[in-house]
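Visitor: Could you walk me through this one? I'd like the cut-offs as we go.

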Amino acid sequence: MNITTQIKQPIVYEMELFEKKFYESMSSKVALLNRITYYIVNRKGKQMRPMFVFLMAKMVSKGSVNERTYRGACVIELIHTATLVHDDVVDDSNRRRGFFSINALWKNKIAVLVGDYLLSKGLLLSIDNEDFDLLKIISVAVREMSEGELLQIEKARRLDITEAIYYEIIRKKTATLIAACCALGARSVVEDTVQVENMRKFGELIGMAFQIKDDLFDYSDEAIGKPTGIDIKEQKMTLPLIHVLNNCTSKEKSWLINSIKNHNKDKKRVKEVITFVKDNHGLTYAENKMIEFQQEALLLLNDYPESDYKSALILMVNYVIERKK
């Protein structure tokens, strides 16, 4: 049994019902839209975000979910899918999860409109059911994701990212959506604001660890679906690189910045940068930080009694930092 199947075990029924509800939540009277949403549904990823919603709801409520939980999971997946569709347009990417992206098959204009449609469907699902508490959680996440992306673009131009700014970028860009999943799951079944905030924090910490793991893949020689050195080629400042930049001599620093700014398409130079980061403990430092975030997240689960849902969440947390792609 693979790890994703293991994590899904306690919520198999909920995930099956969720898939039906998710497809229904995208329906439209426009045939073209229905064709595209059918294409999206049939090429889904691991669905980690709805899994977080259901596992969290069941853990904090000792095993129950309700219609609000399903709506929360649908909203998060609609918003997440909208951001992926828009990202592919922005990045001019023709592939998504091994299949053609929406913009590759239907062109940019339609892809942007589909992304907008999914976003509005997500917001309306909450509004029509008066889930205003859930809507606030997801709206904050959308705002922060946009801010995170723009902050990264702004800082990448100057390559002057400190570790604190890097954490702010990944907290907003990546961690905020996982934090929203966990907060939505908890909030759908309990009103205790302290509990909901703790679970939001749990998701945020997992998201931070997840992004650092992604950064480490840039220095990996394994085939992981993302080419080695791609972050350097795209002038993305990741934690291993930031740590080394802040702890090397001024001569080495100017060589590194020059390499990233002016020689990022030179394969030999990119390889030299990767070797330099490895030799100067950039990877070890980032791995230790990732484990710190993971351990801090696990502490937040300590007060909950043992259950299949808690075990699955712990498995998910460990999977985030042990995954191979």
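Guide: Let me begin with a term: buried means under 20% relative accessible area, exposed over 50%, and partly exposed in between, with a 1.4 Å probe and protein chains only. This is a predicted model, in which local features need pLDDT of at least 70 and side-chain atom pairs count only at pLDDT 80 or more, while totals for chains, interfaces and linings use all residues. Residues are numbered from 1 along each chain as its sequence is written, and side-chain values use heavy atoms, with hydrogens and water left out.

Visitor: Okay, is E168 buried or partly exposed?

Guide: E168 counts as partly exposed because its relative accessibility is 29%. E168 forms a salt bridge (a side-chain nitrogen of Lys or Arg within 4 Å of a carboxyl oxygen of Asp or Glu) with K172, the closest N and O atoms being 3.5 Å apart. Both residues lie in helix 8, 4 residues apart, about one turn of the helix; helices are DSSP runs of H or I with at least four residues, numbered from the N terminus.

Visitor: And K172, buried or exposed?

Guide: K172 counts as buried, because its relative accessibility is 13%. E168 and K172 also belong to a network of salt bridges, whose members include R143, E144, E197 and R200.

Visitor: How many salt bridges are there in the whole structure?

Guide: A search of the whole structure finds 18. One of them joins R68 and D131, with the closest N and O atoms 3.4 Å apart. That pair links distant parts of the chain, since R68 is in helix 5 (residues 67-90) and D131 is in the loop between helix 6 and helix 7, 63 residues apart. Both R68 and D131 are buried.

Visitor: What about R187, which residue does its side chain meet in a salt bridge?

Guide: The side chain of R187 meets that of D133, at 2.9 Å from N to O. Here too distant parts of the chain are linked, with R187 in helix 8 and D133 in helix 7, 54 residues apart. D133 counts as partly exposed because its relative accessibility is 24%.

Visitor: Switching topic, what is T4 in contact with?

Guide: T4, which lies in helix 1 (residues 3-8), is in contact (heavy atoms within 4.5 Å) with K46 and M51, leaving aside its neighbours within four places in sequence. T4 counts as buried because its relative accessibility is 14%.

Key: Helices (H or I, at least four residues) and strands (E, at least two) are DSSP runs, numbered from the N terminus.
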